[in-house]
2 protein chains.
Amino acid sequence: MEGDISMKKIVVAVDESEESMHALSWCLGNLSSQKATAAANTSTSLVLLYVKPPPPLHSSYDAAGYMFSKNDVVAAMEKYGNDMINSVMQRAEAVYKNFNVNANVNIERVVGSGDPKDVICNAVEKLRADTLVMGSHGYGFFKRALLGSVSDYCAKHVECPVVIVKHPDHK
Amino acid sequence: MEGDISMKKIVVAVDESEESMHALSWCLGNLSSQKATAAANTSTSLVLLYVKPPPPLHSSYDAAGYMFSKNDVVAAMEKYGNDMINSVMQRAEAVYKNFNVNANVNIERVVGSGDPKDVICNAVEKLRADTLVMGSHGYGFFKRALLGSVSDYCAKHVECPVVIVKHPDHK
């Protein structure tokens, strides 16, 4: 393999959690330790994957029972979703600007919509990722207990190696 | 951090499965891509962890109902256990001899005894590992269904990042 240029694609699932930012840091820490070799014969594509909630289809009532026109709700949700994407992607950018990631690492942003576990598994497959990196809690304690852990599901269902990174404070 | 010598400890759980050897290959592939930097300022300790079954305590009967003296059974089990350790460690050696792992990677062998999930989690904690690498099936389909997956358990219970590597044939 000496002399070949190899291309690696790493998908990092990012969300609002501290833990997903810690997973991104872990990944960048490993990439920057590969700097010297990477410059020689490896190119890495780092995909930041954010999953926003699916658009609302059914309820046009808020918790207090007021009715909004469906368009208002959809517009508000879309604005909220877009604000969230920007906020998460900006945090991710702040994280990777702290690392001396070399020019052979190309960073892409991908936004999906739907159930996070399905979107992540589908994206990993479609992007033909070599590795998936994610936090272990991500979608919160109660959602985890209710829906099962997203990272558990992805570790079982994607074909590539999965790295599950925990935040040091969440043991 | 420039100029510091950092020490990384990676534990790879190895057993009789093809998948655990594939996990070891994946890990060595990543380590050998870090060659140039590793030579400069990183030292890696790769711990091959094998868990042998606990010594038998209760039954002195074999399946057909013959009774053996307890010493015979213990001796036979111990011999079987030792043969298995040698066989797994030799396969692991054959795997890592295929990779040009540089001199800054120090390989250790550790053998534990007991329930694999507890032994692996305890070893990772005691050795203060930075990363745990393991296959996703390891202890076989039926044992997995009965006992729950060892990798699931470890991913939940160890504090360091866990890499779960699947054999390409086991999707």
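Is Glu93(B) buried, exposed or partly exposed, and what is its relative accessible area? Glu93(B) is partly exposed, with a relative accessible area of 26%. Here buried means under 20% relative accessible area, exposed over 50%, and partly exposed in between (1.4 Å probe, protein chains only).

This is a predicted model, in which local features need pLDDT of at least 70 and side-chain atom pairs count only at pLDDT 80 or more, while totals for chains, interfaces and linings use all residues. Residues are numbered from 1 along each chain as its sequence is written, chains are lettered from A and ligands numbered from 1 in the order in which they are written, and side-chain values use heavy atoms, with hydrogens and water left out.

**Strands**

- Helices (H or I, at least four residues) and strands (E, at least two) are DSSP runs, numbered from the N terminus.
- Strand 2 of chain A spans residues 42-52, and nine of its eleven residues are buried.
- Strand 2 pairs in the parallel sense with strand 1 (residues 6-14) of chain A, over nine bridges. Two strands pair if DSSP finds at least two bridges between them.
- Strand 2 of chain A also pairs in the parallel sense with strand 3 (residues 105-113) of chain A, over nine bridges.
- Thr44(A) stands opposite Lys8(A). In strand 3 of chain A, the bridge partner of Thr44(A) is Val105(A).

**Thr44(B)**

- Thr44(B) belongs to strand 2 (residues 42-52) of chain B.
- Thr44(B) is buried, at a relative accessible area of 3%.
- Beyond its neighbours within four places in sequence, Thr44(B) has contacts (heavy atoms within 4.5 Å) that include Lys8(B), Ile10(B) and Val105(B).

**Salt bridges**

- The whole structure holds ten salt bridges over all chains. Each is a side-chain nitrogen of Lys or Arg within 4 Å of a carboxyl oxygen of Asp or Glu.
- Arg91(A) bridges to Glu18(A), with the closest N and O atoms 3.0 Å apart. Arg91(A) lies in helix 3 (residues 70-97) of chain A and Glu18(A) in helix 1 (residues 18-32) of chain A, so the pair ties together parts 73 residues apart in sequence.
- Arg109(B) forms a salt bridge with Glu93(B), the closest N and O atoms being 3.9 Å apart.
- In chain A, Glu93(A), Lys97(A) and Arg109(A) are linked in a network of salt bridges.

**Charge over ring**

- The charged end of Lys117(A) sits over the ring of Tyr153(A), 5.3 Å from its centre. The rule needs NZ of Lys or CZ of Arg within 6 Å of the ring centre and within 35 degrees of the ring normal.
- In chain B, the charged end of Lys117(B) sits over the ring of Tyr153(B), 5.3 Å from its centre.
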